[in-house]
Amino acid sequence: MAHKKVVVLAGYKTVKQALVNQAEDFGEREVFPIFHDFNKGNGTRTGQKTLVATGFCSFLMNLWLSGILFTNGNQWREMRRFTLGTLKDFGMGKRIMEEKIVEECQYLIEEFEQHKGEAFDGAQVISYAASNIISTLMYGKRFDYKDPNLQAMISRDQEIIYHTGSPSIQMYNIFPWLGPFLKTWWVIMRELQTRAKHGKRILTELKESLNPGKCRGLVDVFLTHKKDLEVKHFHPPLTAETHRVQEELSRVVGNRQVRVEDRKNLPYVEAVIHETQRLANVVPMSLPHRTSRDTAFQGYFIGKGTMVIPLLTSVLYDESEWATPHTFNPAHFLDDQGRFVRRDAFMPFSAGRRMCLGEGLARMVLFLFFTSLLQRFHFKPAPGVSEDDLDLTPVVGFTLHPLPHKLRATDRF
């Protein structure tokens, strides 16, 4: 990339060897110029006070701005340790978090029912629901789906993520002096400034109502312990698969609310969710790494400080690991007896030291949202549209996400 040497890792065995077997060598984070722009202020006292109080819509964005994803050394270790411990205290992966997700499932179902079988775009309301899970974790409360603040923040985050993957920003990452001359760069900067103002307003409200003896969420923990922190620097399944998912849900769960503990008795459901994640390939290039020292790797010498890009798409579509890598096939995660099997080459959350911090929460949300909706509704395309007409070409930004689609949700019972 211009004058900078970059090593790209492709294929499951190569990526695993680097990120897992030689995790220390490849464990640092390469910070692109655009991410420096996102992260401005996190090395200062002011930045540390606003680490996670800059918005409630995207866990990814909160982590960017918290200085976890794009920092190295002691600051990264301390922030990661503190955040993991706090998430554990607040029930990440535990029953209390499950209850919050189940509660949100009911709001989501009510929203779908309001359309009475008419076609509508459900993607946005699912974004609101997922964001409410993060809001509960951060602030201890949820927001109504029609709340203009919630809608504006999600729209803003989606805009930032989309533009971050644009060709002009890729050029900016190579030639940072181009920034002030690029319209896209100014759009991102403006959205970040608006986001920061909104986050400051939320932070002020939380500080005014802070009760150290009763923490409502992660922000309260950061506010309560801010002095310590300042010191430490701290492609959808086909119809046949859908019917089989619903049959398994009816047989195992019936009409009651699905719980996380049901996961072990729903192997086909688990396989469909995993295969959807694999084929969706949401973050195809992962986030860039950097070598922490001179290292030997597969017969090559890679110098300290070299940018390394693990190509996750090459792992999720590796022809030596998947029977039909470019086709939706839940059998990738089932044995001959129909039991769910984990696959080492399933790396949508990356692997090793820099593996996604929110994986446990994300998997719980995916499972409960997916099963709750499929348990209650039949989904069909809009009138006059067949399944073959649905365009599964992803919208390319910093991540891949689907084009807008209108679907009909009709009651199963």
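Biologist: Leaving aside its neighbours within four places in sequence, with which residues is Ser314 in contact?

Modeller: The model is a predicted one. In it, Ser314 touches Leu9, Ala10, Gly11 and Tyr12, once its neighbours within four places in sequence are set aside. Ser314 itself belongs to helix α15, residues 312–316.

Biologist: Is Ser314 buried or exposed?

Modeller: The cut-off for a buried residue is under 20% relative accessible area. Ser314 has 17% and is therefore buried. Its side chain also reaches the backbone oxygen of Leu311, at 2.6 Å.

Biologist: Which pairs of strands run parallel, and which antiparallel?

Modeller: β1 and β7 run parallel and are joined by five bridges; Val6, for instance, has Met307 as its bridge partner in β7. β4 and β7 pair in the antiparallel sense over two bridges, with His289 opposite Val308. β2 and β4 (residues 289–290) are likewise antiparallel, over two bridges, and Arg29 has His289 as its bridge partner. As for burial, four of the five residues of β7 are buried.

Biologist: In what order do the three strands of the other open sheet lie?

Modeller: The order is β3-β11-β8, with antiparallel pairing. β3 (119–120) and β8 (377–381) are the edge strands; each has a single partner, so one side of each is without a neighbour in the sheet. Five bridges link β8 to β11 (residues 407–411) in the antiparallel sense, and Phe379 stands opposite Ala409. Helix α16 (residues 359–376) packs on this sheet, touching β8 and β11, and its direction makes about 85° with that of β8. Helix α6 (residues 95–113) lies across β3, β8 and β11, running at about 50° to β8.

Biologist: Turning to helices, how many of the 14 residues of α14 are buried?

Modeller: An α-helix has 3.6 residues a turn, so residues three or four places apart point the same way. In α14, 12 of the 14 residues are buried, so this helix is largely enclosed by the rest of the structure. Among the buried residues are Tyr268, Glu270, His274 and Arg278. Helix α14 (residues 267–280) reaches 20 Å from its first C-alpha to its last, close to the 20 Å expected at 1.5 Å a residue. Just after α14, Asn281 takes a positive phi of about 55°.

Biologist: At what angle do the axes of α7 and α8 cross?

Modeller: The axes of α7 (residues 123–139) and α8 (residues 148–164) cross at roughly 100° and come within 11 Å. Angles of 65 to 115 degrees count as roughly perpendicular, and α7 is therefore roughly perpendicular to α8. The contact is made by Gln124, Ser127, Tyr128 and Ser131 of α7, together with Leu150, Gln151, Ile154 and Gln158 of α8.

How values were computed:
Residues are numbered from 1 along each chain as its sequence is written. This is a predicted model: local features need pLDDT of at least 70, side-chain atom pairs count only at pLDDT 80 or more; totals for chains, interfaces and linings use all residues. Side-chain values use heavy atoms; hydrogens and water are left out. Buried means under 20% relative accessible area, exposed over 50%, partly exposed in between (1.4 Å probe, protein chains only). A polar contact is a pair of N or O atoms within 3.5 Å; within protein, one must be able to donate a hydrogen and the other to accept it, and residues adjacent in sequence count only if both atoms are side-chain atoms. Contact means heavy atoms within 4.5 Å. Two strands pair if DSSP finds at least two bridges between them. The expected span of a helix is 1.5 Å times one less than its number of residues. Axes are lines fitted to C-alpha atoms, for helices over the stretch in contact, and angles run from 0 to 180 degrees between N-to-C directions. Angles under 35 degrees count as roughly parallel, over 145 as roughly antiparallel, 65 to 115 as roughly perpendicular and the rest as oblique.
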